[in-house]
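Please load the model in your viewer and keep the selection panel open. The stops below say what to select next and what is there.

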Amino acid sequence: MITFREAIKKALSDEMSLDSQVVLLGEDVGVYGGCFKVTGDLYKEHPNQVIDTPVSEEGFTGMAVGSAMMGMRPVVEIMYADFFTLIFDPIVNHAAKTHFMSGGQFCCPITVRLPEGSGTGHGAQHTQSPEALFQNSAGLKMVAPSCPSDAYHLLRASIRDNNPVLFFEHKMLYFVEGEISKEPLEIGKAKVLREGKDITIISYSRAVHTALETANLLEKDNIFATVIDLCTLKPLDCTTIRQEVKKTGRVAIIQDPNGVGGIGAQVCSEICSDMTTFKSLKSPVVQIGGKCTPVPFSKDLEKTTVPNALDCASKIATAIKA
Amino acid sequence: MLLWNLCRNPYKEPLKGTVLSAMNKESSLDILRLMLDSRFFEEKTEELFKAGLIHGTTHLANGQEAAQAGLCYALEDGDWIVPTHRCHGFTICRGSDPYAMFSEMFGSIHGLAKGLGGSMHMPDSSHWNLGSSAVVGSGVPLATGIAFWNKFQSVGNAGFATSSFANPKNYPQKPVKNISVAIFGDGASSRGSVHESMNLASIWKLPVLFYCENNQYGMSASSDKMISSSSVASRAMAYEMPGETIDGNDVLKVIAAVKKACSYIKAGHGPYLLEVMTYRTKGHSKSDRRLYRTEAEEKMWLDRDPIKLYEKKLVEEGLCTQEEIENLEIQRKEYIDQKAQKALLDSKDRLSECDVEEMVYATKEDRE
């Protein structure tokens, strides 16, 4: 058994052993061991490849973009995903457009690790899940694993990918344990975690655990649900999504961040814009997302900003019976 | 305010203390050729825009030829540049084919970026040109990244080490083979990305030349109104690197200063900030009516045209005759005209819509 946190470290370590051009840049990733203790003693195993930076997110991310264009495979750790605002320019205006705007002369294999999500009581500037804000930037890829095995394989795949990849790691998943599968998981492939005949629940990252719990609750009501873990948020695995929706004719999307212009909205669009999938629907798509407020500090209030399994099960059951 | 006074005052005295005496006829004409190619390229570009043959906008660098040609002339193979949006002169002087540059502006497949970039984006990996960022100041971290790569390849971790408790600032300085040049304007000197890059380059002693092409205006904003310090170069002190302001309209001074900076950087001492004072004699872009500056100021700088100054110097020093210069001008103008003509003839060759979509992502084969 290995934790989600250890899986990330193992992926970094294995890639660093394989390729001396893989480096990790970030604040306190060295002796300190990473703000969330993800890197630990990685600096001892790979003293040449773990590099502490000053508090200059825009500067060192831009620097990583330049080095990636030259042939390196840098991984950048942004301490809290909320600081994405500081790397928007190097990532969206530069990394994402490098291959295109150079007419294919350069590519930009940079991986950005973004610890995200609420539940830690860090307040509204340390608990966001910003994936929605990146999803319409052409040229980026985005992954958001929900278990240690996927974290391991997707991080390795992100580093090996010749494009910029945003790796969203939910902070509340760091303690989740699991085995690392021998089967690698590719970027762009969703996973069907369980199959049921009545409804297809689609989710990603921490909310996958809410989705699985929801499916268990629904079973008591004799409602059997398929659960899909998107794993990759961009490009979406539309084939798996549509195929599994068509089997049940009903769909619910559960995500932690608020639904406005979010990943769930995009999934819904991919379902509704495909004629055969749309025709297979017996009822409207159930969208369940977090509240559209900044995340409150207070522990009880913070909990209410993301969907819980009881609420999800009740909304889904109501929709099916309607 | 001494440096500002210096750059605001007309340079009436002849160019002194340059390295011309040490040069032969061939190399001195090479320098002139680079400046002429840049000038004729800009003039042709303006003509094509006025004729409605080029889409979009363009940023001409007339008047800045010494700053652009001088830098490129002084660099060696393997030294990378990251230019500004005003990139034609840098691109042509680094060795790119003007045909591919005109083709880029015509949006054809023969362009440096297959017509996907345009006037502001002319990357050319075969000539160590990363291409420009059109976000003012954002190319600077990229160039710092090239320096990081350069240092990482040549000396491994020395300078970055997390594993030891020693301060990387105190590590022995090892020579590096190549440098990168972060080119930026006076406008960009106020960007946080530029300051963050300078700090990063300084703590890790990265082989990067911060090259501030101070053409006096960020669009309409005069640099003496927008910059708190007496010069951009004086900011080098804050990052414990050398900083120097030089006359950017004297190509020989530019070459000498860049060579000096390069040898300092290549010895492993870390970054260097060079500010070259010049003037863009045209507007910011094609829509600029230049309401923010006086005709007298423009005339003062036109009188200090870097090409005319250099030509005068060549004749005075007896390195060539006026007739030879005129012949070279005719020859270079024809050369540029022919490149433009051919690019125009081929300008209908476009990437297909399908090809464009395929350019969004790199494939596995792009880098094994």
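The model is a predicted one, in which local features need pLDDT of at least 70 and side-chain atom pairs count only at pLDDT 80 or more, while totals for chains, interfaces and linings use all residues. Residues are numbered from 1 along each chain as its sequence is written, chains are lettered from A and ligands numbered from 1 in the order in which they are written, and side-chain values use heavy atoms, with hydrogens and water left out.

**Stop 1: the seven-stranded sheet**

Select β3, β2, β4, β5, β7, β6 and β12 of chain A, which in that order form an open sheet of seven strands with mixed pairing. At its edges stand β3 (50-52) and β12 of chain A, each with a single partner strand, so one side of each is left without a neighbour in the sheet. From one strand to the next the twist averages 20°. Helices (H or I, at least four residues) and strands (E, at least two) are DSSP runs numbered from the N terminus, and two strands count as paired if DSSP finds at least two bridges between them. Axes are lines fitted to C-alpha atoms, for helices over the stretch in contact, and angles run from 0 to 180 degrees between N-to-C directions.

Within this sheet, select β6 (residues 141-143) and β7 (residues 165-170) of chain A, which run parallel and are joined by three bridges; M142(A) stands opposite L166(A) in β7(A).

**Stop 2: F84(A)**

Next select F84(A), in the loop between β4 and α4 (88-94) of chain A. Is F84(A) buried or exposed? With a relative accessible area of 6%, F84(A) is buried, where buried means under 20% relative accessible area, exposed over 50% and partly exposed in between, with a 1.4 Å probe and protein chains only. Not counting residues up to four places away in sequence, F84(A) touches I78(A), Q128(A), P130(A), L133(A) and F134(A); contact here means heavy atoms within 4.5 Å.

**Stop 3: the five-stranded sheet**

Now select β9, β11, β10, β13 and β14 of chain A, which form an open sheet in that order, again with mixed pairing. The edge strands are β9 (191-194) and β14 (286-290) of chain A, each pairing on one side only. Neighbouring strands of this sheet are turned by 25° against each other on average, direction ignored.

Helix α9 (residues 238-248) of chain A lies across β9, β10 (199-203), β11 and β13 (251-258) of chain A, running at about 150° to β10(A). Helix α10 (residues 263-272) of chain A lies across β10, β13 and β14 of chain A, at about 155° to β13(A).

**Stop 4: backbone details in chain A**

Select C231(A), in the loop between β11 and β12 of chain A. Although C231(A) is not a glycine, its phi is positive, about 60°, and at 0% relative accessibility C231(A) counts as buried. Further on, a cis peptide bond with omega of about 0° joins K234(A) and P235(A), and P235(A) lies in the loop between β12 (232-234) and α9 of chain A.

**Stop 5: chain B**

Finally, turn to chain B, which has 13 helices and seven strands, and in which buried residues make up 59% of the 368 residues. Select helix α3 (residues 65-74) of chain B, which is mostly covered, with nine of its ten residues buried; among them are E65(B), Q68(B), L71(B) and C72(B). End at K205(B), in the loop between α7 (192-203) and β3 (208-214) of chain B. Phi of K205(B) is near 50°, a positive value in a residue other than glycine, and K205(B) counts as buried at 17% relative accessibility.
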